[in-house]
Amino acid sequence: MKANEMLLKYVNRDNGHQKQIGRYWASTLNDIIKGYLKPKDYFKKREIDQQGCENITMGQAMEELWLKIFQANNADCRYQDKKELEIGKDITLVVKPDFNFKSLIIEMKCPDKPMPNIIPTKWQFQLEAEYQAFKKPVYLGVIRKHPLLTLIPYKPDDILWEEIKEKVLNFHHQL
């Protein structure tokens, strides 16, 4: 088996995550809100392509490196600390930022091309949910080659939070 085939097989394997009606993940908010994930397709297995697999595994590898760096420096943080937000009757939004420090949250992303120090809309939904869950400053941690990590502060937005809740509720009712 070729390396590319192994990567595709690894990322697309069954990881035991079962989707449930009423339980949604902050990491999928962009897909729900922008309509990339349709209620009729919610339970369909979506195969991730080669580029997506490479992006995912590079991001995971770099997160693990930063975890080791933080631990080696005795940083007081929790890795992928999970919180659940109740956003409606029997509707839960699961929020799991990469790093939860005493005074801030860091959500890591590893874009495949250079980007300015501006948070793209596609990540704002997840960052807003992380702010709402933990009520502390949230930063987008952009993994790059130089510098290795850039922290971009996220500005909480109550209007965006209301939009997120409304869109998730609508998605839920369409299921």
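Reader: At what angle do helix 4 and helix 5 pack, and how far apart are their axes?

Author: Two packed helices are described by the angle between their axes and the distance between the axes. Here, helix 4 (residues 121–134) and helix 5 (residues 158–174) pack at about 100 degrees, with axes 10 Å apart. That makes helix 4 roughly perpendicular to helix 5. Angles of 65 to 115 degrees count as roughly perpendicular, under 35 as roughly parallel, over 145 as roughly antiparallel and the rest as oblique. Axes are lines fitted to C-alpha atoms, for helices over the stretch in contact, and angles run from 0 to 180 degrees between N-to-C directions. Helices (H or I, at least four residues) and strands (E, at least two) are DSSP runs, numbered from the N terminus.

Reader: What should I know about the model and its numbering?

Author: This is a predicted model: local features need pLDDT of at least 70, side-chain atom pairs count only at pLDDT 80 or more, and totals for chains, interfaces and linings use all residues. Residues are numbered from 1 along each chain as its sequence is written, and side-chain values use heavy atoms, leaving out hydrogens and water.

Reader: Which residues make the contact between helix 4 and helix 5?

Author: Contact means heavy atoms within 4.5 Å. Helix 4 gives Gln124, Phe125, Glu128, Ala129 and Gln132; helix 5 gives Asp158, Leu160, Trp161, Glu163 and Ile164.

Reader: How do helix 1 and helix 3 pack?

Author: Helix 1 (residues 3–11) meets helix 3 at about 75 degrees, with axes 9 Å apart. Helix 1 is therefore roughly perpendicular to helix 3. Among the contact residues are Leu7 and Tyr10 of helix 1 and Ile56 and Gln60 of helix 3.
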